[in-house]
Amino acid sequence: MSTTGAMAHVTVKSPDQMQELGRRLAPLLRPGDLVLLTGELGAGKTTLTRGLGEGLGVRGAVTSPTFVIARVHPPLTGGPALVHVDAYRLGGGLDEMEDLDLDVSLPESVVVVEWGEGKVEELSENRLQVVIGRALGSDGVPESDADDVREVTVTGLGPRWADAGLPALETC
């Protein structure tokens, strides 16, 4: 069972800020990292991943891989490739994901999986869980649809994330 390393809570007020959060998170990532993104449709998972791609310096526009399931973005510099997976349409757990060969890609890449909760955790005991939720008003009800405010919780699971600098994401 994985233990929680470090955690950060960030309030994001626009898609641009979500992308910037991805750019700020990217320098903390290294080859072999598994990042699971959780959030409702339209929460900003792909926008965050776009920022990760920019921060990692990978080739190609980062777009939702919903219909192709996975996209590989090779590095433009000496950094790791970004493997961006959308597991939304995959019903089975890791067995169904095996066809994607994520276990082969993981050691030399940063693997980001949207909708991966309950499906790919077995790939690594060390992983980053990013949960994106709508900000709640003082009455506990989600803010209006016109409001782009999101509450993002980044949790490092496993010893790799114990001192990885996640709390620094809360500043700026």
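How many salt bridges does the structure hold? There are four, where a salt bridge is a side-chain nitrogen of Lys or Arg within 4 Å of a carboxyl oxygen of Asp or Glu. Before you click around: this is a predicted model, with local features needing pLDDT of at least 70 and side-chain atom pairs counting only at pLDDT 80 or more, while totals for chains, interfaces and linings use all residues. Residues are numbered from 1 along each chain as its sequence is written, and side-chain values use heavy atoms, leaving out hydrogens and water.

Start by selecting helix H1, residues 15-25 (helices are DSSP runs of H or I, at least four residues, strands are runs of E, at least two, and both are numbered from the N terminus). Show the side chains of Glu-20 and Arg-23: they meet in a salt bridge, 2.9 Å from N to O. The two sit three residues apart, about one turn of the helix.

Next, pick Arg-160 and Asp-33, a salt bridge with its closest N and O atoms 2.8 Å apart. This pair links distant parts of the chain, 127 residues apart: Arg-160 is in the segment after strand S7 (150-157), and Asp-33 is in the loop between H1 and strand S2 (34-39). Buried means under 20% relative accessible area, exposed over 50%, and partly exposed in between (1.4 Å probe, protein chains only). Arg-160 is buried at 15%, and Asp-33 is buried at 4%.

Last stop: Arg-134 and Glu-40, with closest N and O atoms 3.0 Å apart in their salt bridge. Arg-134 is in strand S6 (residues 127-134), and Glu-40 is in the loop between S2 and helix H2 (45-56), 94 residues apart. Arg-134 is partly exposed at 23%, as is Glu-40 at 40%.
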